[in-house]
Amino acid sequence: MATDAPPPPKGGTDPVTPSTEAYREVQESAEFGELRRAHRSFAFPLTIAFITWYLLYVLLSNYAGGFMGTKLFGNINVAFVFGIAQFVTTFLIAWWYSKHAAAQLDPKAEAIKSRLEGGA
């Protein structure tokens with residue numbers, strides 16, 4: 001089986017694995033707490049909003065058949081538009097999260113990682 005991973009370095013220069021105590025120190029640090037808050041303050045509200053939007057779609061499909069069957073143009077009805085909007089919303093959230101992670105989370109995580117692996 002082929003992989004795209006580079007071969008291990010020669011000469012026994014394996015990266016040093018930090019100790020359990022080092023991981024605990026990082027986990028208890030204010031910087032790590034800030035990273036978790038940055039993630040949670042984005043992910044949790046967006047997750048709740050999307051689940052609410054999805055449940056609205058399901059509930060309307062089950063209990064508001066007349067409304068969902070309303071034709072907008074041609075054979076396109078409200079249910080179809082809402083269904084397509086679910087897919088669009090999913091892709092928009094994924095795109096938005098990748099932008100948020102690149103701008104807010106990745107730099108903080110990289111700083112923590114480099115300090116942990118560098119022993120600084």
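**A tour of helix α4 and its cores**

Select A22, V26, L35, A38, A101, L105, I112 and L116: these 8 residues form the largest nonpolar core of this predicted model. Now colour α1 (20-28), α2 (30-63) and α4, the elements that each supply two or more of the core's residues. Helix α4 contributes the most, with 4 residues.

Next, pick L105. Leaving out residues up to four places away in sequence, L105 touches L35, A38, H39, Y97 and H100.

Move on to a second, separate core. This one has 5 residues, among them L60, A64, M68 and V78.

Now show the whole of α4, residues 78-118. The helix has 41 residues. From first C-alpha to last, α4 reaches 56 Å, close to the 60 Å expected at 1.5 Å a residue. Where does α4 bend? Centre on A101: the bend there is about 45°.

Keep α4 on screen and highlight its buried residues: V78, F82, G83, Q86, H100, A101, L105, I112 and L116. What covers them? The cover includes α1, α2, α3 (65-68), β1 (71-73) and β2 (76-77). An α-helix has 3.6 residues a turn, so residues three or four places apart point the same way.

Last stop: H100, in α4. Is H100 buried or exposed? H100 counts as buried because its relative accessibility is 15%, and buried means under 20%. Show its contacts. Setting aside neighbours within four places in sequence, H100 is in contact with A38, F42 and L105.

Conventions:
Residues numbered from 1 in each chain as written. Predicted model: local features only at pLDDT ≥ 70, side-chain atom pairs only at ≥ 80, totals over all residues. Heavy atoms only, no water. Buried < 20%, exposed > 50% of the residue type's maximum accessible area, 1.4 Å probe, protein only. Contact = heavy atoms within 4.5 Å. Core = buried A, V, L, I, M, F, W, Y, C linked by side-chain atoms within 4.5 Å. Expected span 1.5 Å × (residues − 1). Bend = angle between axes of the 7 residues up to and from the residue.
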